[in-house]
Amino acid sequence: MHATTVAVDLAKSVFQIAVANEYWCIVQTQRLTRTQFERWFANRSVSLVIMEACGSAHHWARWLNGLGISVRLLPAQYVRAYVRRNKTDATDAAALLEAARASDIRPVRVKSVEQQALQGLHRIRSLWMGTRTSRINALRGFCREFGITIPQGARTGVETIGRVLADPRSAVPDLIRHTAGMLLEEIRLLEARIAQVERELASVARQSPACTLLLSVPGIGLLTATALVAATSGDVTHFADARHFSSWFGLTPREYSSGSARYLGRISKKGDRYLRMLLTHGARSVLRAAKVAEGAGKEICGIRRWALDVQGRSNHNKATCALANKLARICYATLRDHAPFDEAARLNKKQSRQSFALPA
């Protein structure tokens with residue numbers, strides 16, 4: 001059988017496929033198990049496979065690429081608009097064929113095994129960080145019930161809780177003291193595991209030229225650099241420009257316009273929430289450092305001065321989002337040009353252009 005295009009609705013153990021001819025007309029539909037799905041492509045000539053960019057999609061895309069079949073992964077939120085009437089596996093597969101014909105839907109790049117492993121490290125660290133925070137908050141609550149106030153800060157809080165539990169004269173009852181101590185040991189074990197993950201990320205960053213370039217950008221640390229490389233593999237050529245790259249993180253305004261009336265609202269918050277959070281936290285750290293330096297009377301220039309000016313015109317949160325947007329665009333330029341960020345050189349270049357434009 002010679003099929004032109006095959007749409008696959010992925011699942012854990014059941015795969016729905018829709019086979020289309022060269023005119024994009026469905027000529028066959030089939031429901032396969034995992035084993036049948038693997039055998040289905042053995043004696044068929046398929047030119048293109050379309051799937052949603054969902055769980056296990058990148059694995060199957062790599063497997064199909066190994067068979068010499070082209071794969072196109074489409075964003076799931078865009079495919080949903082092409083589902084007609086009731087949602088079933090068959091209609092989902094048919095919707096993939098319709099969405100694939102839309103030229104304005106950009107496919108998702110297939111991630112490598114190394115990219116997904118690096119993303120997995122970040123996800124594991126985030127899970128452990130969330131568990132650690134919940135355990136610390138639980139111990140804070142228990143101590144508060146017995147009239148003991150724990151200071152703010154994770155590290156300071158854990159140290160204070162440890163001293164309270166080790167003091168037999170504290171107000172913590174003996175009935176809960178031992179169990180609370182076990183919870184404290186769990187927190188310290190989680191901190192050791194988180195530190196181990198960060199050491200592994202640091203080892204990856206030292207061996208990655210793209211991470212080295214990103215680390216030269218202010219506000220971009222180990223986590224942000226490795227997360228960006230995991231998401232893009234250090235290649236940003238498939239983005240039209242820096243503004244498209246920043247909108248990919250959801251850091252551009254949400255637009256609601258009609259006719260000559262144009263309204264730009266808050267940031268869209270589309271895309272990867274984790275990457276947007278890292279960029280926002282990096283922007284907050286740059287803005288705070290600039291504020292502290294300004295209070296100390298130090299000279300501030302470049303993006304730090306720009307961020308302070310935005311904060312003066314609006315507020316702290318708007319300046320943070322604007323700076324996160326600018327950091328994303330700087331990261332794009334750094335990866336595109338394969339050159340580290342040199343703020344002094346760019347500032348001198350900008351000043352020379354301005355002086356050249358001044359009238360005689």
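**Notes on the predicted model**

1. The structure holds 2 cavities of 30 Å³ or more, a cavity being a set of points on a 1 Å grid over the protein atoms alone where a 1.4 Å probe fits but cannot get out; grid points are joined across faces, edges and corners, and a volume is the space filled by probe spheres set on the points. This is a predicted model, in which local features need pLDDT of at least 70 and side-chain atom pairs count only at pLDDT 80 or more, while totals for chains, interfaces and linings use all residues. Residues are numbered from 1 along each chain as its sequence is written, and side-chain values use heavy atoms, with hydrogens and water left out.

2. The largest cavity contains about 60 Å³ of space. Its lining, meaning residues with an atom within 4 Å of a point, is made up of L139, F142, C143, F146, I161, L165, V172, I176 and A180. Two or more lining residues come from each of α5, α6 (154-166) and α7, and α5 gives the largest share, with 3 residues. Helices here are DSSP runs of H or I with at least four residues, strands are runs of E with at least two, and both are numbered from the N terminus.

3. The largest pocket has a volume of about 1,300 Å³, where a pocket is an open set of points with protein on both sides within 12 Å along at least five of seven lines. It is lined by 32 residues, of which P75, Q77, R106, V108 and W248 are the closest to its centre. Helices α3 (76-79), α5, α9 and α10 each contribute at least two residues to this lining.

4. The largest nonpolar core has 47 residues, and L214, I220, L228, F245, F249 and L279 are the members that touch the most others. Such a core is a set of buried Ala, Val, Leu, Ile, Met, Phe, Trp, Tyr and Cys residues joined through side-chain atoms within 4.5 Å. At least two of its residues come from each of α5 (113-145), α7 (174-207), α8 (209-214), α9 (222-232), α10 (242-248), α11 (273-295), α12 (303-313) and α13 (316-337). A second, separate core has 20 residues, including M51, A61, I69 and V71.

5. Leaving aside residues up to four places away in sequence, F249 touches L228, K270, L275, R276, L279 and A328, a contact meaning heavy atoms within 4.5 Å.

6. Helix α9 is mostly covered, with 10 of its 11 residues buried; buried means under 20% relative accessible area, exposed over 50%, and partly exposed in between, with a 1.4 Å probe and protein chains only. The buried residues of α9 pack against α5, α7, α8, α10, α11 and α13. Just after this helix, S233 takes a positive phi of about 60°. S233 lies in the loop between α9 and α10 and, at 41% relative accessibility, counts as partly exposed.

7. Strand β2 (residues 14-20) includes Q16, and β2 is mostly covered, with 6 of its 7 residues buried. Q16 is itself buried, at a relative accessible area of 8%, and its side chain reaches the backbone oxygen of Q30 at 3.3 Å. Beyond four places in sequence, Q16 touches A7, V8, D9, T29, Q30, R31, D89, A90 and A93.

8. β2 and β3 run antiparallel and are joined by 7 bridges, strands being paired if DSSP finds at least two bridges between them. In this pairing V14 stands opposite T33 in β3. The hairpin has 5 residues between the strands, and in it W24 takes a positive phi near 65°, although W24 is not a glycine. W24 is partly exposed, at 26% relative accessibility.

9. A further antiparallel pair consists of β6 (residues 253-258) and β7 (residues 261-267), with 5 bridges, and here E255 stands opposite L264 in β7. These strands form a hairpin with 2 residues between them, and G259 in the turn has a positive phi of about 60°.

Notes: Polar contact = N/O pair within 3.5 Å; in protein donor to acceptor, adjacent residues only side chain to side chain.
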